[in-house]
Amino acid sequence: MSWKLQPSAVFAASPLVPVMVIKNLDDALPMAQALSDGGINVFEITLRSAVALEAIKLISEAMPQTLVGAGTVISPQQYDDAVAAGAKFVISPGATVSLLKHAVQGDVPLMPGTSTPSEMMTALELGYDHLKFFPAEANGGAPALKAISAPLPQLTFCPTGGISPENVERYLALDCVATVGGSWILPNDAIAAGNWQEVTRLTQEAVAFIQNLRR
């Protein structure tokens, strides 16, 4: 792998990786700035909207001090498109062999999504040891990840999917978990109203809560 940025550095950069669905390009910079003001400078911008790649490019250029990544990447072509737009890391919901083999030769790290031991072993065989556990809650939550990871101590995870203030402590208590992905700091009503102060408040609250857990 010729990645300049290692997955471990991405996972270590923030205790919480916000899962950002940007439907309106005008929201991109205010959303990113609100998260940054709250103490988070790692962004996973999902490719679930028509403006996602434009948003990655816009934030990458305007806020070069941040780590802007692409999420919901499901093909080699999307990986290439995200990198071309300025993504510094890529996250996928699954782990197809074609995507894993392609990203190994790419310029930025891929953290593939996995939910079963077989998927994790396949990723490990192809050189990946930092993975997303997705969808976390639907796949048994922290107890399931604890059990699955026991025979795979080489792996480090970012659980995503259903993570909330009510259950995040259970995930962060696991030795295999370095960070978590979540969207509760980006409520739809706040985004629709352009209430970026609320996003900043929720972000500050989440960062402080997680930091206290880790003391």
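The following is a short exchange about how terms are applied to this structure.

Visitor: What is the basis for the values?
Guide: This is a predicted model, in which local features need pLDDT of at least 70 and side-chain atom pairs count only at pLDDT 80 or more, while totals for chains, interfaces and linings use all residues. Residues are numbered from 1 along each chain as its sequence is written, and side-chain values use heavy atoms, with hydrogens and water left out.

Visitor: Why are Trp3 and Tyr128 called a tilted aromatic pair?
Guide: Rings of Phe, Tyr and Trp (its six-membered ring) pair if their centres lie within 6.5 Å; planes under 30 degrees apart are stacked, over 60 edge-to-face, and the rest tilted. Trp3 and Tyr128 are 5.8 Å apart centre to centre with 55° between the planes, hence a tilted pair. Trp3 lies in the segment before helix H1 (7-12) and Tyr128 in the loop between helix H6 (117-125) and strand S7 (130-133), so the pair ties together parts 125 residues apart in sequence. Helices (H or I, at least four residues) and strands (E, at least two) are DSSP runs, numbered from the N terminus.

Visitor: What makes Trp3 count as buried?
Guide: Buried means under 20% relative accessible area, exposed over 50%, and partly exposed in between (1.4 Å probe, protein chains only). Trp3 has 6%, and Tyr128, at 2%, is buried too.

Visitor: How do you know that Lys132 lies over the face of Phe134?
Guide: The criterion is NZ of Lys or CZ of Arg within 6 Å of the ring centre and within 35 degrees of the ring normal. Lys132 is at 4.4 Å from the ring centre of Phe134 and is counted as lying over its face.

Visitor: Why is strand S1 described as largely enclosed?
Guide: Five of the five residues of S1 (residues 16-20) are buried, so the rest of the structure largely encloses this strand. Leu16, Pro18 and Met20 point one way, and Val17 and Val19 the other.

Visitor: What makes S1 and S2 a strand pair?
Guide: Two strands pair if DSSP finds at least two bridges between them. S1 and strand S2 (residues 42-46) have two, in the parallel sense, and Val19 has Glu44 as its bridge partner in S2. With strand S9 (residues 180-182), S1 has three bridges, also parallel.

Visitor: What makes a set of residues a nonpolar core?
Guide: It is a set of buried Ala, Val, Leu, Ile, Met, Phe, Trp, Tyr and Cys residues joined through side-chain atoms within 4.5 Å. The largest one has 63 residues, and Met20 and Tyr128 are among those with the most contacts inside it.
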